[in-house]
Amino acid sequence: MQSLTTTAHYQQLLGLPSTWMVENVDLSMTAMQVVIRLVYTGKNAICTECGETCSIYDQAPEQKWRHLDTMQFETIIIARLPRANCKEHGVKTVGAPWADRHSRFTLMFEGFVVQLLQHCSNTQAVSTLLGLSWHCVDDIMRRAVKRGMARRGDDSIEHLGIDEKSFRAGQRYVTTLNDLDGARVLEVVETRTNKATKVLLTSLAATQRDNVQSVAMDMWQPFATAVQQILPKADIVHDRYHISSYLNEAVDKIRRQESRTLKAIDDKTLVGSKYTWLRNPENMTPIQRTSLDELLACELKTGRAWSLKNMFRAFWSLTNRDSAIYFFNYWSEAVDRSGLNQLITVKEMMQRHLENILNYFKHRTTNAVSEGLNSKIQLLKASSRGFHSFESYRVRILFYCGKLNMAIS
Ligand SMILES: [Zn+2]
């Protein structure tokens with residue numbers, strides 16, 4: 001026999017509105033489950049379309065929701081939702097106050113899953129721990145991101161960043177819009193075309209678009225064109241983060257080519273040296289520094305390329321635009337004299353975009369935020385073993401890098 005206190009106890013625990021009653025609570029020791037059956041006691045029902053109070057047409061078929069566990073027992077809520085008989089909209093199933101529409105979990109359970117996910121950036125671990133499928137966790141994250149995005153205000157955002165990230169193998173990309181002052185990702189779109197970038201930028205409210213002062217980005221024309229079209233007042237800044245990746249890439253190409261040439265004559269000097277040329281000297285251990293010095297003493301092409309790349313770092317600590325122009329010309333001549341084609345190509349590209357590179361001295365866009373967000377996204381990609389879809393990738397980026405308020409209300 002059901003004790004009265006048990007139902008009253010659960011009634012209190014669930015914090016139900018007065019129109020819902022706990023009918024009975026069933027404990028199954030074999031299934032290790034607590035099943036709570038709820039019944040609607042209201043006299044009317046609210047139409048989900050118009051909010052009118054209507055008579056009750058009937059009760060929808062029984063549905064189940066997983067709730068927070070009761071001690072070690074999985075806890076299930078079972079109820080039949082009333083269907084409102086709206087004069088205007090016909091028969092409409094009323095939403096459950098304890099769950100999101102279309103969710104098989106209660107809001108409290110979803111809130112718990114969100115907290116777990118926030119503390120452990122691994123969907124698989126959370127799925128296993130709670131005995132949920134990957135898709136269930138994915139759905140919960142999706143709803144959490146939707147909640148968080150809806151709560152975001154139209155506060156002014158002055159400094160934006162646009163970044164691309166590869167998605168799956170091959171040449172597939174996603175483009176992210178970042179708030180550089182708030183260190184968060186605002187939105188993600190598939191591909192890196194002009195059209196996609198325009199969609200990305202129009203995700204900002206009109207008043208926000210009006211207040212943007214600068215957009216840091218790669219020297220990629222579709223991004224620049226989109227900014228000119230949607231944010232005509234904002235300056236484009238080709239920041240240190242993006243320039244450094246081109247210079248690093250040029251040094252790496254030169255190293256690969258030279259290493260092949262040397263190997264052909266059985267010289268293994270450059271073998272295994274890839275990261276030596278990519279690290280900044282101040283981040284090196286004494287052993288790494290010694291091996292760099294030894295390599296530099298060999299008078300290789302790679303060493304010359306490295307020196308020119310390293311020399312350009314001084315550009316970013318200059319104090320004004322005029323000295324930056326002077327420095328750039330000086331450095332360009334040195335690159336030309338080196339005869340290193342891969343580096344000359346990058347220099348020529350920088351020359352074509354010099355005005356936007358010099359905008360750095362107006363806005364002083366830091367690259368720490370872009371770098372931080374990018375490595376965070378990289379980790380998400382690595383821990384997910386390939387995303388099932390673009391949408392799942394987008395949801396994860398916003399879940400972990402969007403600084404959203406995803407709490408249940
Ligand atoms: Zn209605």
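Predicted model: local features only at pLDDT ≥ 70, side-chain atom pairs only at ≥ 80, totals over all residues.

Biologist: Thanks. How much of the protein chain do buried residues make up?

Modeller: Of its 409 residues, 46% are buried.

Biologist: And what are the overall dimensions of the C-alpha trace?

Modeller: Along the principal axes it spans about 90 × 50 × 35 Å. The radius of gyration is 29 Å, whereas a compact globule of 409 residues would have one near 22 Å.

Biologist: Which domains is the chain divided into?

Modeller: Domain 1 covers 1-98 and domain 2 covers 240-363. Their C-alpha centres lie 66 Å apart. As for secondary structure, the chain has 16 helices and 13 strands.

Biologist: Let's switch to the metal. Which residues coordinate the zinc ion?

Modeller: Cys47, Cys50 and Cys86 each use SG, and His89 uses ND1, at 2.2 to 2.3 Å. The site is tetrahedral, with angles of 105 to 113° among the four donor atoms.

Biologist: What should I compare those angles with?

Modeller: For four tetrahedral donors, the ideal angle is 109.5 degrees.

Biologist: How are the donor residues spaced in sequence?

Modeller: The pattern is C-x2-C-x35-C-x2-H. Cys50 and His89 link distant parts of the chain, 39 residues apart. Cys50 is in the loop between β3 (44-46) and β4 (53-59), while His89 is in the loop between β7 (82-86) and β8 (90-93).

Biologist: How accessible are those two, Cys50 and His89?

Modeller: Cys50 has a relative accessible area of 35%, so it counts as partly exposed. His89 is partly exposed too, at 28%.

Biologist: New topic: how many aromatic pairs does the structure hold?

Modeller: There are 16. One of them joins Tyr360 and Phe361 edge-to-face, with 5.1 Å centre to centre and 85° between the planes.

Biologist: Are Tyr360 and Phe361 buried or exposed?

Modeller: Tyr360 is at 10% relative accessibility, so it counts as buried. Phe361 is at 13%, which is under the 20% cut-off, so Phe361 is buried as well.

Biologist: Which residues do ring pairs link into a cluster with them?

Modeller: Tyr360 and Phe361 are in a cluster with Phe312, Phe315, Trp316, Phe327, Phe328 and Trp331.

Biologist: Last one: where does the charged end of Arg192 sit?

Modeller: Over the ring of Trp220, 3.9 Å from its centre. Arg192 also lies over the face of Tyr173, at 4.0 Å from that ring centre.

Note on methods:
Residues numbered from 1 in each chain as written. Heavy atoms only, no water. Donors = N, O, S within 2.8 Å, 3.2 Å for Na, K, Ca; no water. Tetrahedral: all angles 85-135°; square planar, octahedral: opposite > 155°, others 65-115°. Helix = DSSP H or I, 4+ residues; strand = E, 2+ residues; numbered from the N terminus. Buried < 20%, exposed > 50% of the residue type's maximum accessible area, 1.4 Å probe, protein only. Phe/Tyr/Trp six-rings, centres within 6.5 Å; stacked < 30°, edge-to-face > 60°. Lys NZ or Arg CZ within 6 Å of the ring centre and 35° of its normal. Domains from an automatic or database assignment. Rg over C-alpha atoms; globule rule 2.2 N^0.38 Å.
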